[in-house]
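Here is a short walk through the structure below.

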Amino acid sequence: MPLVKTNVMRILEQHKIPYTAHEYPHGKDAVDGETVARMLGQDPARVFKTLVARGKSGGYHVYAVPVDKELDLKKAAKAAGEKAVELIHVKELLPLTGYVRGGCSPVGMKKAFSTVFDASAAAQETIMVSAGKIGYQVECAPQALAALVRAAFAPVTAD
């Protein structure tokens with residue numbers, strides 16, 4: 001069965017960013033990132049989940065962190081230049097980003113938001129992020145992904 005081509009994949013191709021597409025078995029509901037990493041035979045340190053937070057200023061910020069780590073809200077706020085940030089409620093995700101929980105990608109959101117990749121991404125040759133649809137991931141160089149979404153690298157995970 002041919003792999004579905006998502007908008008994330010089209011955007012990567014449009015910007016000539018090499019990527020490898022991966023597909024994993026799924027139902028309608030999202031599975032946690034560590035399960036996705038296991039199903040794809042990947043190190044969880046290379047598979048990144050995308051989280052969205054609202055800052056004290058009212059602005060939104062996107063964070064890409066390894067699936068086996070938690071976002072440290074204090075570090076996340078500092079990296080975004082905010083006094084504080086809090087994760088948005090899952091029901092806000094689709095109207096804000098155009099993505100559903102489990103299929104949220106830092107690439108191709110409805111609007112460009114301030115984006116931070118956990119510093120650990122910079123040390124990897126490639127990382128995997130959602131391809132914008134549950135069941136699909138894209139793997140590419142973290143520097144190319146960060147340049148595309150104008151992301152910074154900063155330590156934002158809990159120790």
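A disulfide is a pair of cysteine sulfur atoms within 2.5 Å. This is a predicted model, where local features need pLDDT of at least 70, side-chain atom pairs count only at pLDDT 80 or more, and totals for chains, interfaces and linings use all residues. Residues are numbered from 1 along each chain as its sequence is written, and side-chain values use heavy atoms, with hydrogens and water left out.

How many disulfides does a search of the whole structure find? The search finds 0. Cys104 is in no disulfide. The sulfur of Cys140 lies 15 Å from the closest cysteine sulfur, in Cys104, so the two are too far apart for a bond.

Now turn to the cores. A nonpolar core is a set of buried Ala, Val, Leu, Ile, Met, Phe, Trp, Tyr and Cys residues joined through side-chain atoms within 4.5 Å. The largest one has 29 residues. Those with the most contacts inside it include Leu12, Val52, Met109 and Phe117. Among the elements that give two or more residues to this core are helix H1 (7-14), strand E2 (48-55) and helix H5 (142-149). Helices (H or I, at least four residues) and strands (E, at least two) are DSSP runs, numbered from the N terminus. H5 gives the most to this core, with 4 residues. A second, separate core has 11 residues, including Leu71, Ala76, Val116 and Val156.

Definitions and conventions:
Buried < 20%, exposed > 50% of the residue type's maximum accessible area, 1.4 Å probe, protein only.
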